[in-house]
Amino acid sequence: PEPNASNERPRFPFGENIHSSAHALASPNRQSPMRLLLGTTFLHSLTGSELLFHDLAAGLQDRGHEVSCWVKDLDGDAPLPRLLQACDIPLSADLPDESQIDAVIFELKETFPVLRQRFLDIPRFAICHGPRLPAEIAPPDLPDTTHLALTREGFGYLRGHGYPDVV
């Protein structure tokens with residue numbers, strides 16, 4: 001990520017830069033796997049945010065993490081839930097007990113009100129797909145949340161709109 005207008009360095013939650021941060025979270029050589037909850041609104045189709053959700057879940061699992069998925073409006077017969085289940089990634093419309101999770105990664109606006117009050121004592125990451133759909137960007141006042149910009153454009157948008165914790 002680029003520095004913001006005040007030349008402040010972006011903060012990376014697990015290291016000095018985005019590469020060390022991503023490596024620390026995703027490294028297959030981690031000594032202890034993390035218990036990760038991925039949250040989204042729905043998985044009805046095979047498009048953008050849904051495919052990202054699948055690839056993120058499968059990729060983190062491939063790196064040795066314990067991944068579970070919370071889908072607010074779960075349709076178990078839709079293609080992506082079936083693909084995740086085929087990868088032995090648990091899916092549920094119910095949130096797990098907070099003591100069972102080390103970090104939460106979530107996306108899409110219907111998850112924000114729920115996560116405004118849940119999982120406040122563990123690392124939380126809101127995915128920003130980009131500024132073209134501003135209603136789908138987590139609010140900047142969401143408690144204790146690091147906002148993950150997937151693009152430079154998204155990073156610039158978040159920084160320019162006062163988001164305090166962006167990577």
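Colleague: Which residue in β4 does L36 stand opposite?
Modeller: L36 stands opposite A103 there. Bear in mind this is a predicted model, where local features need pLDDT of at least 70, side-chain atom pairs count only at pLDDT 80 or more, and totals for chains, interfaces and linings use all residues. Residues are numbered from 1 along each chain as its sequence is written, and side-chain values use heavy atoms, with hydrogens and water left out.

Colleague: How many bridges join β1 to β4?
Modeller: Four, with β1 and β4 (residues 103-106) running parallel. Strands pair if DSSP finds at least two bridges between them; a strand is a DSSP run of E, at least two residues, and a helix one of H or I, at least four, numbered from the N terminus.

Colleague: And what about β2, which residue there is opposite L36?
Modeller: V67. Six bridges join β1 to β2 (residues 66-71), again parallel.

Colleague: Through which helix does the chain cross from β1 to β2?
Modeller: Through α2 (residues 48-62), and the β-α-β crossover is right-handed, meaning that with the strands pointing away from the viewer the path from the first strand over the helix to the second runs clockwise.

Colleague: Switching to burial: how many residues of β1 are buried?
Modeller: Five of the six in β1 (residues 35-40). Buried means under 20% relative accessible area, with a 1.4 Å probe and protein chains only.

Colleague: Which residues are buried in α2?
Modeller: S49, E50, F53, H54, A57, A58, G59 and L60.

Technical notes: Buried means under 20% relative accessible area, exposed over 50%, partly exposed in between (1.4 Å probe, protein chains only).
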